[in-house]
Amino acid sequence: LFFLAGSSFCFFVIVPIALDFLMGFARDEVVPMITISRYISFVGALTLTFGFIFEVPLVSFFMTKIGWVTPVFLAEKRRVAIIVIFISAAVLTPPDVVTQCMMAVPLIILYEVGIFFSKAANKSRQQ
């Protein structure tokens, strides 16, 4: 469900914005020449990336279940996580700030949701 939500979010929100941004560089001297294979590669890579990124709450849940992390640890490392999120978003997206932020902001929200899931897993683990 999370993977489908991330893929759908990417396909319907991120891809149109990213393509508009990249097509904005077109001028009389510079004509964009998009091939089907490059379009599918671009959209496929972004969609898969967002699908996997949206799995963060489940990863937090299972890592808490097996005892690797705690909700307190995740909350304490929030600042480091935000920096890592923005660096990861810069690496995983095309070289524009708009797409980077559109990946980083949902990922920060998902990190917070992951802390909530971790709390739920921690309660069930202690019982």
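Modeller: A residue is called buried when its relative accessible area is under 20%, exposed when it is over 50%, and partly exposed in between, with a 1.4 Å probe and protein chains only. The model is a predicted one, in which local features need pLDDT of at least 70 and side-chain atom pairs count only at pLDDT 80 or more, while totals for chains, interfaces and linings use all residues. Residues are numbered from 1 along each chain as its sequence is written, and side-chain values use heavy atoms, with hydrogens and water left out.

The part in question is helix H6, which covers residues 97-126. Helices (H or I, at least four residues) and strands (E, at least two) are DSSP runs numbered from the N terminus. Ala120 sits in helix H6 and, at 39% relative accessibility, is partly exposed. Ala121 also belongs to helix H6, and with 0% relative accessibility it is buried.

Next come the surroundings of Ala121. Contact here means heavy atoms within 4.5 Å. With neighbours within four places in sequence left aside, Ala121 is in contact with Phe61, Thr64 and Lys65. The C-alpha atoms of Ala121 and Ser60 are 8.9 Å apart, although 61 residues separate them along the chain. A further C-alpha distance, 9.8 Å, runs from Ala121 to Gly67, which is 54 residues away in sequence. Gly67 is placed in the loop between helix H3 (56-65) and helix H4 (71-76), and its relative accessible area of 36% makes it partly exposed.

Rolling a probe the size of a water molecule over the atoms shows where empty space is left. On a 1 Å grid over the protein atoms alone, a pocket is an open set of points with protein on both sides within 12 Å along at least five of seven lines, whereas a cavity is a set where a 1.4 Å probe fits but cannot get out; lining residues have an atom within 4 Å of a point. Grid points are joined across faces, edges and corners, and the volume is the space filled by probe spheres set on them. The largest pocket holds about 290 Å³. At least two residues of its lining come from each of H3, H4, H5 and H6. There are 14 lining residues, and Val56, Ser60, Leu74, Ala81 and Tyr111 are the ones nearest the centre. By class, 12 of the lining residues are nonpolar, 1 is polar and 1 is charged; Ala, Val, Leu, Ile, Met, Phe, Trp, Tyr, Cys and Pro count as nonpolar, Asp, Glu, Lys and Arg as charged, and the others, Gly among them, as polar.

The second largest pocket, of about 240 Å³, has a lining that includes Leu19, Met33 and Phe42. Helix H1 (2-23) and helix H2 (36-53) are the elements that give two or more residues to that lining.

Finally, the whole chain. Its secondary structure consists of 6 helices and 0 strands. The C-alpha trace spans about 65 × 25 × 20 Å along its principal axes. The radius of gyration, taken over C-alpha atoms, can be set beside a globule rule of 2.2 Å times the number of residues to the power 0.38: the chain has 18 Å, while a compact globule of 127 residues would have a value near 14 Å. Of the 127 residues, 31% count as buried.
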